[in-house]
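Try each task before you read its solution.

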Amino acid sequence: MKIGCCCVGGDGILSASQASKTIQESNRQRKELIVERQQNSLIAAIALFGLLLFACSSLKHALYRSTAADLGIFDQAIYLISQGKTPISSLLGFHILGDHAAFIYYPIALLYKLYPSVYWLFALQAIALSSAALLASNLALDAGLPRSQSRLVAFAYLFYPLIFNINLFDFHPDVFVPFGLFAAVLSARRGKIIGFCAAIALILSCKAVLSLTVAAMGVWLFACEKKRLYGAIAFCAGIAWFAIATQIIIPTFGGAGATLGRHLWRYAYLGSSFNEIFQNFLFKPQLLLGQIFSFDSLRYLLLLVLPLLWGLSPRRLAPLIAAIPALCLNLLADDPNQRDLYYQYSLPVLPFLILSVIATLAAGEGLRLRRKTVMLWCAIAFFAFAKHYYILRFLSTFDTWTATTQAMSAIPPNASVLTDNELAPHLTHRPTLKLINTPLSEAELGAFDFVLIDLRRPWPDHVALAQQRVAYFRQQPNFNLVSQRDEIYLFARKPQSSSILR
């Protein structure tokens, strides 16, 4: 004899199967609520980190510690674009496209049309750097990692020292690269070809040399990820854009000076031209090997991997195929800044390090540390290698802040200005702005409307030159010393200063 099971509820009697379904539905809703809360908490943490980045870069700029190279250069070019003028940077001496063929400045200029302010750049930078963590988390989820580990991946990315450091180093279009690379890989793995092409376009718009990273990513997608269509698109787009940018755009808009003066000097020991470098690359490999296996290079590689060493496995490093161009450029460069985590040159490497971590965790490899131990590891790496203590250095300008601000307020918007490296970014919304170390004739020096020099805290390389410039303009009969307070000197040219002020 069978006895039917039943449950009594508020609405009557439910069968056992109906009760089971109700419980399952309740559990599903509870799990969805937990997932939603976890996702919201991750988004909130990313937003909070973005606000921190924006606050730090804005504070540095407000305290007159940002620099002409490169914030002043980019801000002036974007401002000129927004005003419908040719973006010939007076700090560079040529069209901004002749620098890195970075056409991303043009869409950014739309924001300057709303209101011309350098703080747009700091905001975009903070959003781009922080939001890439959400894409990293999604890549981890797609790889089969639980949500706890996906959030750990996002945490590791945000606390990677380079993210905080590059945010402090003025502004560079390279900050869009982690977001673009993560978006490209995520789109390829999900089969979203439009999103993939858009991500590739974003990366290529930031700097010509990034086309090599895109091409290498294509090789990795084609050979290792078995995404043959996406790999072919990336490889062809990267190679094509590199040829167009280096052979057409940069020479056309910048001339020989833009190519040789701004780029090849970093590899001067290999030659003075592309042909000479290529020949030495083939026939003098000892030059390259000596640079690659130097102590400086080994130290750089250790700095790159140490914050993520807990999640790296030698068998899961295939994503680093896409980082080979950036790594080679940094290792071979004669400039030590390219092997310093304070600068933007390692940004194309970071996303593929994170992808290697995801692959390692998905395979159950790595050091297999507890979540709290990994977070402690990341925090220690951050406090050891991030330049957070630079913020205290910025506060040293308080003693001259008022005098500097008052002097700048006396300079009209369209006046031509000769000034210091750290004061220049506050005076870039004008066609003509030069630095005191620019080689200029007496006639060119006399043509400036205003000269603003900080003698208390000049740029370290310009101490003697700043003193010479102040002494020079003191003796010029066609210049007046408008203000002198706390060793901040403002000179105005007599013939035009009065007409400009009217």
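**Exercise 1: aromatic pairs**

By the ring rule, the count comes to 22 aromatic pairs; rings of Phe, Tyr and Trp (its six-membered ring) pair if their centres lie within 6.5 Å, with planes under 30 degrees apart counted as stacked, over 60 as edge-to-face and the rest as tilted. One of them joins Phe473 and Phe479, with 4.9 Å centre to centre and 70° between the planes, an edge-to-face pair. This is a predicted model, in which local features need pLDDT of at least 70 and side-chain atom pairs count only at pLDDT 80 or more, while totals for chains, interfaces and linings use all residues. Residues are numbered from 1 along each chain as its sequence is written, and side-chain values use heavy atoms, leaving out hydrogens and water.

Task: decide whether Phe473 is buried or exposed.

Solution: Buried means under 20% relative accessible area, exposed over 50%, and partly exposed in between (1.4 Å probe, protein chains only). Phe473 has 1% relative accessibility, so Phe473 counts as buried.

**Exercise 2: two helices**

Task: find how the axes of α5 and α8 are oriented to each other.

Solution: First, locate helix α5 (residues 119–142) and helix α8 (residues 177–190); helices are DSSP runs (H or I, at least four residues), numbered from the N terminus. Next, take the axes, lines fitted to C-alpha atoms over the stretch in contact, with angles from 0 to 180 degrees between N-to-C directions. They come within 8 Å and cross at roughly 25°. Angles under 35 degrees count as roughly parallel, over 145 as roughly antiparallel, 65 to 115 as roughly perpendicular and the rest as oblique, so α5 and α8 are roughly parallel.
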